[in-house]
Amino acid sequence: MGFFDYLFGTDNLPARQEVAASYIEEWPLASPFTDNSGLERLTFESLYGLPSDASNVPITRKTAMSIPAIAKSRSLIATSIARMPLIAEKAQRPLATQPSFLNQLQAGVPNFQTVTWIVDGLIFYGRSFLLIEGRQSNGLPASLRLVPEWNAEVNEHGELIKAFDRPVSRGSYIRIDAHHEGLLNFAGDLIRDTKELERVAAEVGANPVPSILLKQTKGQMTQDEITALLGQWSSARRKRYGSVAFANDSVDAQSMGQAAENLLIEGRNFQVLQLARALSIPAYFLDGSVDGASLTYTNTAGKNRELIEAISPYMVAIEQTLSLYLPAGTVAEFDTSALLRGDTKERMDMYAVALTAGIYTVNEVRAMENLDALPGPEPVTPPAPEPTTEESPNV
């Protein structure tokens, strides 16, 4: 009798209920934001008992996020973009009145959360979908709703046909495409290799090489004596002056250490570098080290500039797609000023040069520093002093 005949047949009802309950307990109902692609493993491995081939196991978002380097990359890219405000500009100047849907893409949901999950979809699947749930009088979007990939059904052309198990018509959603087809699609082998290395490292950690070997050179000890000796040595290492030990002529203490290769340090660092390359992130953001490389930035603003350069393709994908749903000549852009804000000395030096050159006024500088304008007429910026030359004294 097959599993489904056993489970849904008319005989043995108590046993069938027990089997069903065990599967419900192992695979509970998921929230709308849960990656449920793990159900594939339930179907092919748990139900039919087929042996799993690591090279054929589907790579899911859950699998990828279990790798620390990918989890950190996702957090770094998604939250760095999400913390920047979305603003509408025309002729490179922010609009006095911003479109309401840019201020809050989803009703009742902070933009930080919405943009984070939009970027998440771009990273892992190469796309993100937003339902248009309300429109303004001019037909432009008024409110949107994010559709996670696991709640989206698309046809062979990549068009969204169902969201949350409901049909979706053309023109009622926005699709944002990344500059690649998604990490799960183009880096499946890399993710599998990294997971395998993590598994091997875990096995090494569970079966470590002993750091101290006590070798008996004389006589014969019983098992109880050996256990007592090991316990005394282990306990002594954790006490004060534990770095000093005593052994008589019947016991030879040898330090084994822990071979670096047994910890797989080089291999794990190499995988971090590979993941950094796949995600176009500088390796040092993922705590990876490159021989002979050194950091090129000297301050936070310099580091953030390099980060924005790395994540800008995701930013541009969102900006240019949302710009299609704004009035002609108006574009959506992320405001990077807060992320690129230098330290106090850098800003003061820049203001001094800008004031002298007449680029900014005093009150404009004060506004950039969140200070009130000075009362009275706008202060006049003093002109730059004329260069002077010393005359040579008469001989």
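Reader: Which elements each supply at least two residues of the lining of the largest cavity?

Author: In this predicted model, whose residues are numbered from 1 along each chain as its sequence is written, local features need pLDDT of at least 70 and side-chain atom pairs count only at pLDDT 80 or more, while totals for chains, interfaces and linings use all residues. Side-chain values use heavy atoms, with hydrogens and water left out. Helix H7 (111-125), E3 and E4 are the elements that each supply at least two lining residues, helices (H or I, at least four residues) and strands (E, at least two) being DSSP runs numbered from the N terminus. A cavity here is a set of points, on a 1 Å grid over the protein atoms alone, where a 1.4 Å probe fits but cannot get out, and lining residues have an atom within 4 Å of a point.

Reader: Which of them gives the most, and what is the volume of the largest cavity?

Author: H7 gives the most to that lining, with four residues, and the volume of the largest cavity is about 100 Å³, where a volume is the space filled by probe spheres set on the points, which are joined across faces, edges and corners. The lining includes Trp117, Tyr125, Arg127, Phe129 and Trp150.

Reader: Why is strand E3 described as largely enclosed?

Author: Strand E3 (residues 127-135) is largely enclosed by the rest of the structure because seven of its nine residues are buried, where buried means under 20% relative accessible area, exposed over 50% and partly exposed in between, with a 1.4 Å probe and protein chains only.

Reader: And which strands does E3 pair with?

Author: E3 pairs in the antiparallel sense with strand E8 (residues 173-177) over five bridges, and six bridges join E3 to strand E4 (residues 141-147), again running antiparallel; two strands pair if DSSP finds at least two bridges between them. Arginine 127 stands opposite aspartate 177 in E8, whereas isoleucine 132 has leucine 144 in E4 as its bridge partner. The hairpin of E3 and E4 has five residues between the strands, and in it glycine 139 takes a positive phi near 90 degrees.

Reader: Switching to the hydrophobic side, how many residues are in the largest nonpolar core?

Author: It has 58 residues, and those with the most contacts inside it are Ile81 and Ile281; such a core is a set of buried Ala, Val, Leu, Ile, Met, Phe, Trp, Tyr and Cys residues joined through side-chain atoms within 4.5 Å. Helix H12 (residues 300-323) contributes the largest share of this core, nine residues. Apart from this core lies another, of seven residues, among them Leu131, Leu160, Ala163 and Val168.

Reader: What is isoleucine 281 in contact with, leaving aside neighbours within four places in sequence?

Author: Isoleucine 281 is then in contact, meaning heavy atoms within 4.5 Å, with Leu76, Ile77, Ala276, Leu286, Ala310 and Ile311.

Reader: Where does pLDDT stay under 50?

Author: The pLDDT, which is the predictor's confidence in each residue from 0 to 100, stays under 50 over residues 23-33, for which the model has 14 contacts beyond four places in sequence. Over residues 37-52 the pLDDT is also below 50, and that stretch has 20 contacts in the model beyond near neighbours in sequence. Where pLDDT is low, the predicted coordinates should not be read in detail. The protein chain averages a pLDDT of 79, and 74% of the residues score at least 70.

Methods
1 Å grid on protein atoms, 1.4 Å probe; cavity = no way out; pocket = protein on both sides within 12 Å on 5 of 7 lines; lining within 4 Å.
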